[in-house]
Amino acid sequence: MADPDTRPLKERVVSEAFKVIAEAGVEALSLRAIAKRLGVSHQAPYKHFPSRDHILAEVVARSFETFSTHLEARPRSENGFEDLGFMGRAYLDFAMTHPLQYRLMFNTALPDIDDHPDMLAKSQRAFSILHDRLQTIPLSDPRDGLDQPAKHDAMFIWATLHGCCSILNSDVAKTLALTDQEKANTMDRMMRRLSMALGAIEADSCN
């Protein structure tokens with residue numbers, strides 16, 4: 001017989017919420033369903049989460065927190081472009097090895113951010129890791145006339161990485177029958193093209 005789960009109820013509810021979403025999707029998430037799975041009264045989870053949106057906001061916030069920790073644990077380099085490369089690799093690694101958390105962060109309709117400040121703060125932290133690093137690198141293009149080039153470059157990088165990860169994790173990608181090596185090659189080439197776009201390497205070395 002398995003040992004009883006002695007964690008506080010709040011932690012058990014959050015853990016069970018992740019399981020429900022993994023098994024049946026966000027649509028199946030409800031506090032009553034979680035209570036039934038945990039064998040507690042249907043009112044018990046409401047002591048910690050007033051509504052379904054609150055438990056969803058909590059699992060999303062924790063996903064962003066795990067994501068940020070993963071980005072910050074990357075190898076570091078004093079060379080800004082090289083460090084961006086490490087960050088990009090960490091992003092790709094997280095997306096491919098934590099598909100549930102990645103899907104919750106970027107492919108789920110989120111609760112109202114004004115009602116869930118902790119979720120908002122943790123999502124902003126993930127973006128700021130990339131943005132703050134870009135601010136230390138001379139990427140400004142005098143032709144674009146932008147006041148905050150780092151913010152726009154961060155969005156460019158994020159969108160590119162997200163697009164690649166979303167495609168490789170999609171059901172459609174399975175129809176292409178890509179091998180693991182081909183997926184790795186795709187990510188390698190994308191990272192080199194990103195470096196070229198940011199001016200880190202010359203175009204002729206990217207082929």
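**Note on pockets and salt bridges in a predicted model**

1. E58 and R62 sit in helix α3, four residues apart, about one turn of the helix. This is a predicted model. The two side chains form a salt bridge, with the closest N and O atoms 2.7 Å apart. E58 has a relative accessible area of 16%, so it is buried. R62, at 21%, is partly exposed. The cut-off for buried is under 20%.

2. A second bridge joins E72 and R125, at 2.5 Å from N to O. This pair connects distant parts of the chain: E72 belongs to helix α3, R125 to helix α6, and 53 residues separate them. E72 is partly exposed at 35% relative accessibility. R125 is also partly exposed, with a relative accessible area of 30%.

3. R133 and D83 meet in a salt bridge too, at 2.6 Å from N to O. Here the link runs between helix α6, which holds R133, and helix α4, which holds D83, across 50 residues. Both R133 and D83 are buried.

4. How many salt bridges does the whole structure have? A search finds 14. Among the linked residues are E16, K19, E23 and R37, which are joined in a network of salt bridges.

5. S68 lies in helix α3. Its relative accessibility is 0%, so S68 counts as buried. Leaving aside residues up to four places away in sequence, S68 touches K122, R125, A126 and I129. R125 is also the salt-bridge partner of E72.

6. The largest pocket has a volume of about 360 Å³. The elements giving two or more residues to its lining are α3 (52–72), α4 (80–97), α6 (117–134), α7 (149–168) and α9 (180–198). The lining has 22 residues, with F81, L84, G85, G88 and M191 nearest the centre. Which helix gives the largest share of this lining? It is α4, with eight residues. By class, the lining has 17 nonpolar, three polar and two charged residues.

7. The second largest pocket has a volume of about 160 Å³. Its lining consists of P99, Y102, R103, N107, C165, S166, N169, S170 and D171. Two or more of these residues come from each of α5 (99–106) and α7. Helix α5 gives the most, with three residues. The class count is three nonpolar, four polar and two charged residues.

Definitions and conventions. Residues numbered from 1 in each chain as written. Predicted model: local features only at pLDDT ≥ 70, side-chain atom pairs only at ≥ 80, totals over all residues. Heavy atoms only, no water. 1 Å grid on protein atoms, 1.4 Å probe; cavity = no way out; pocket = protein on both sides within 12 Å on 5 of 7 lines; lining within 4 Å. Points joined across faces, edges and corners; volume = space filled by probe spheres on them. Nonpolar A, V, L, I, M, F, W, Y, C, P; charged D, E, K, R; others polar. Buried < 20%, exposed > 50% of the residue type's maximum accessible area, 1.4 Å probe, protein only. Contact = heavy atoms within 4.5 Å. Salt bridge = Lys/Arg side-chain N within 4 Å of Asp/Glu carboxyl O.
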